[in-house]
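Thanks for making time this morning. I would like to walk you through one structure, and I will take it piece by piece.

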Amino acid sequence: MSDVKIDISGLRKSFGQLEVLGGVDQRVEAGEVVCVIGPSGSGKSTFLRCVNLLEQPTAGRIVVDGMDLTDPDTDIDAARARIGMVFQQFNLFAHLSVLDNLTVAQRKVLGRDRAKAESVARENLRKVGLEDKAGSMPGRLSGGQQQRAGIARALAMDPDVMLFDEPTSALDPELVGDVLGVMRRLADEGMTMLVVTHEMQFAREVADRVLFMDGGTIVEQGAPADVIGAPQQERTRGFLARVLDPTHAAPED
Amino acid sequence: MAVETRPAKSGMSKRKRAKLGRGAQYVVLVLIVIVAALLADWGQIQEAFFNVEVVRSLFPTVVTTALVNTAVYTALGFAFGLGLALVLALMRMSSVGPYRWISGAYIEFFRGLPALLVFLSVGFGIPNAFPNVDLNRKVTIMLALGIVGSAYMAETIRAGIKAVPGGQLEAARSLGMSHGRATMTIVIPQAFRIILPPLTNELILLTKDSSLAFVLGATLAQQELTQFGRSALTTYPGMTPILVVGLCYLVITIPLGILQQRLERRFGPDGGQGSKS
């Protein structure tokens, strides 16, 4: 039996008159890694933020791990506790040490005691290579370290799925590799992941499936070798030409 | 191409003239100070402002009673005002319309009134309107000072909350915290670090506003600094009590400023207290 972790149907989102998502259907199975690519303004970040209801969908159904998030009776906080999210701007809690960043939600949301929360936190910091930064304040870390701490913070909640919203877009180029390495290891361990990214190399090597979004809909999807290697749609080809060979791209009209 | 410069009027370069000008200002300043010092009747001035005999007889009561009372009244008023201000600020940002209206009306009303009017209203209005309510004097001062401070502090706190990046709340929500819990554990603590300087300002303002307690009348043991100074004026010749009382205010406010700087350094952008690893 295939185990569907994320089931999205008829997802629409409008901001006032502006329709950002025009009907998205998508299923992500357990252990699947799905990368979402597309030009800016294509709705891919909004799509991801709808999956844990940071954006309230205008219409459609979102079921994560059997919980219908769009049902008003669903405890959204309990649901979110099982959906890890990693942000482009890291969003580490600036007033808390790295260790406290990892323990605060474990203790206040999951009700774990301090000892348990700290041992889970340290284990996850070890996973992302930051065990020696437990006592540091976030402001003292490099961008790459902050993002890895952000991933560890999400993992400390033992999530069923992980959402990544352009996790390397705010990083200096030489720091991108550390974060992608952590994500690759996570994928190898079988985590279900939905990743909005501009890192084509990562999508090609790690993703099971790639979605190309443009204009608020999924234009093309399939195995990375097909979507990135041999795109069928004109819009996909145009986008990839710009991303993969930016110095030869003609300015868009 | 040659750069055209205006010919110097005095044959001196612009920089040399500026330097000479600064030197002249120093000389004038020093002369003024010397002349003032020579002309002043120092004995008379000391007699008026710093009569050692009067200073001696003001102590220790000015500290043990008046200074302590000022500090206690201020602390009570600030604590009440800060709590009320936090509630008002959260109400002002609430999604519930009536909360926003009530809070907005309260803030507009009380920040526009002179503090003296608030003291009179609380001190004499409440006992008149509610004969059964017997407010203890300290509670009256706490209410009046708190009301005066809360209207300002509510807006300061609201500004601080708005200054915390939205991503902080989103991250907390994404971890499963409710809106209220995320606000209290993640947003408010960061907001207070941001508004530490204006909040210290407000505390210092309240320290001085506590002098308005005089309208409520006071026994000797209840006098705060300003009232103590005023009544001492009638007992002793000269203005010495005013100087002494003034210095006592500084004894409160200057350490507050130092404490603020310390806390700011500690909570600075990089958290300050981070490990050295």
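This is a predicted model: local features need pLDDT of at least 70, side-chain atom pairs count only at pLDDT 80 or more; totals for chains, interfaces and linings use all residues.

Let me begin where helix H8 of chain B meets helix H9 of chain B: from H8(B) come B:Gln168, B:Leu169, B:Ala172 and B:Arg173, and from H9(B) come B:His179, B:Ala182, B:Thr183, B:Ile186, B:Val187 and B:Gln190. Sorted by class, the residues of this contact are five nonpolar, four polar and one charged. H8(B), which covers residues 166–174, packs against H9(B) at an angle of about 140 degrees, with the two axes 9 Å apart. Angles over 145 degrees would count as roughly antiparallel, and at about 140 degrees H8(B) and H9(B) are therefore oblique to each other. The handedness of their crossing is right-handed.

Now to a second pair in chain B, where helix H4, residues 61–92, packs with helix H7, residues 137–163, at an angle of about 45 degrees and with the axes 5 Å apart. That angle makes H4(B) oblique to H7(B). H4(B) passes H7(B) in a right-handed crossing, and their contact consists, by class, of 21 nonpolar, five polar and five charged residues.

Which form does the peptide bond from B:Phe59 to B:Pro60 take, cis or trans? The bond is cis, with omega near 0 degrees, whereas most peptide bonds are trans. B:Pro60 itself lies in the loop between helix H3, residues 52–58, and H4 of chain B.

On the H10(B) side the contact includes B:Leu196, B:Pro197 and B:Thr200, and on the H12(B) side it includes B:Leu263 and B:Glu264. By class, the residues of this contact divide into eight nonpolar, four polar and two charged.

Between H9 (179–194) and H10 (196–209) of chain B there is a loop, and in that loop we find B:Ile195. Is B:Ile195 buried or exposed? Buried means under 20% relative accessible area, and B:Ile195, at 3%, therefore counts as buried. Leaving aside neighbours within four places in sequence, B:Ile195 is in contact with B:Thr156, B:Ile157 and B:Gly160. B:Tyr236, in turn, is 41 residues from B:Ile195 in sequence, and their C-alpha atoms are 43 Å apart in space.

Over residues 67–260, chain B is 79% helix and 0% strand, and the end C-alpha atoms are 21 Å apart.

Turning to chain A, the UniProt annotation "domain: ABC transporter", again from an unreviewed entry, covers residues 6–240. Over residues 6–240, chain A is 37% helix and 26% strand, with 27 Å between the end C-alpha atoms.

Within chain A, let me draw your attention to A:Arg49, which is found in helix H1, residues 44–51. A:Arg49 is buried, with a relative accessible area of 14%. What is A:Arg49 in contact with, leaving aside its neighbours within four places in sequence? The contacts are A:Leu54, A:Glu55, A:Met85 and A:Asp165, together with B:Glu170 of chain B.

I will finish with two backbone angles in chain A. A:Asp158, in the loop between helix H5 (143–155) and strand E7 (161–165) of chain A, has a phi near 50 degrees. A:Glu166, in the loop between E7 and helix H6 (173–188) of chain A, has a positive phi of about 45 degrees although it is not a glycine. In accessibility, A:Asp158 counts as partly exposed at 46%, whereas A:Glu166 counts as buried at 11%.

Terms used: Residues are numbered from 1 along each chain as its sequence is written. Chains are lettered from A and ligands numbered from 1 in the order in which they are written. Side-chain values use heavy atoms; hydrogens and water are left out. Axes are lines fitted to C-alpha atoms, for helices over the stretch in contact, and angles run from 0 to 180 degrees between N-to-C directions. Helices (H or I, at least four residues) and strands (E, at least two) are DSSP runs, numbered from the N terminus. Angles under 35 degrees count as roughly parallel, over 145 as roughly antiparallel, 65 to 115 as roughly perpendicular and the rest as oblique. A crossing is left-handed if the near helix is turned anticlockwise from the far one by less than a right angle, and right-handed if clockwise. Ala, Val, Leu, Ile, Met, Phe, Trp, Tyr, Cys and Pro count as nonpolar, Asp, Glu, Lys and Arg as charged, and the others, Gly among them, as polar. Buried means under 20% relative accessible area, exposed over 50%, partly exposed in between (1.4 Å probe, protein chains only). Contact means heavy atoms within 4.5 Å. UniProt positions are given in the numbering used here, feature names are shortened, and annotations may be inferred rather than shown by experiment.
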